[in-house]
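Please consider the charged side chains of the structure shown below and the places in the chain where they pair.

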Amino acid sequence: MTAISFGSMFNPERVNSKKAFNPEHNLEGFAYGDSESPKDFPVFPNEQIGRTQVKTCAKRPMPHKLELTNEDKEFLSKLTSSMYGFHDNSNNFWVHTKKPTQGQIPNLIMGDGKLIDESRLEFANSLVDNKTQAFQIAGNDKLGGNKLITVVKNNETNITTMYTCDSKQCVPMTIDSDVNMEKLVSAITDNLVEIQGITVWKE
């Protein structure tokens, strides 16, 4: 697996993917062909990433706001998150990585890249492994609706919860705490026709 280096305003970001490409000449510019202008994409990570990632799909209702339990919010705040968002109608993406805050200085990494001979679904599957403690996918299902699916494998409570949000509601469901995250993400992407973005959390 090839390590692809992403330039950054803060630090270099390294992403493992066999088929990702880094157009360094366009770092932070996000000026890709038919994609939207930079103002259409978030500058910094936020708690509503899934809703942000699907906001360009104006024809479809937005997913309901995600409401994590307090325990899951606290757990995720201690982890490093890497957020990938795709530019509409292309395989170009931006990536924001946020590490737990040390003092008053946020540790943010920003970069961009492009998938080569790999679908968004395949890329999303490759980002989740046995070290992943939570992930979130924003995408469209086979019925044309927007979905926001978040899985938190909380090692502190020993409870794994899957939050499934559509335009009407967000339903939490407790699942097996020994769940295989790689198999679970594959099962989720099998039921999606498109992905707008994915966020993964690790230590």
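Lysine 78 is partly exposed in this predicted model, with a relative accessibility of 43%. Its side chain forms a salt bridge with that of glutamate 156, at 3.0 Å from N to O. Lysine 78 belongs to the loop between α2 (70–77) and β4 (80–86), and glutamate 156 to the loop between β8 (146–154) and β9 (159–165), so this pair ties together parts that lie 78 residues apart in sequence. Glutamate 156 is likewise classed as partly exposed, because its relative accessible area of 49% falls between the 20% and 50% cut-offs.

Side chains of opposite charge can pair when their charged atoms come close. In total, four salt bridges are counted in the model, and two further examples are described here.

A salt bridge also joins the side chains of arginine 120 and glutamate 194, with an N to O distance of 3.6 Å. Here, too, distant parts of the chain are linked: arginine 120 is in helix α3 (residues 120–127), glutamate 194 is in strand β11 (residues 192–202), and 74 residues separate them. Glutamate 194, with a relative accessibility of 26%, counts as partly exposed.

Aspartate 129 has a relative accessible area of 24% and is partly exposed. Lysine 202 is partly exposed as well, with a relative accessible area of 24%.

The segment after β11 contains glutamate 203. Glutamate 203 counts as exposed, because its relative accessibility of 77% is over the 50% cut-off. Which residues does glutamate 203 contact, leaving aside its neighbours within four places in sequence? They are Leu79, Thr80 and Gln133. For threonine 80, the separation from glutamate 203 is 123 residues in sequence, while the C-alpha to C-alpha distance in space is 5.7 Å.

Conventions: Residues numbered from 1 in each chain as written. Predicted model: local features only at pLDDT ≥ 70, side-chain atom pairs only at ≥ 80, totals over all residues. Heavy atoms only, no water. Helix = DSSP H or I, 4+ residues; strand = E, 2+ residues; numbered from the N terminus. Buried < 20%, exposed > 50% of the residue type's maximum accessible area, 1.4 Å probe, protein only. Contact = heavy atoms within 4.5 Å.
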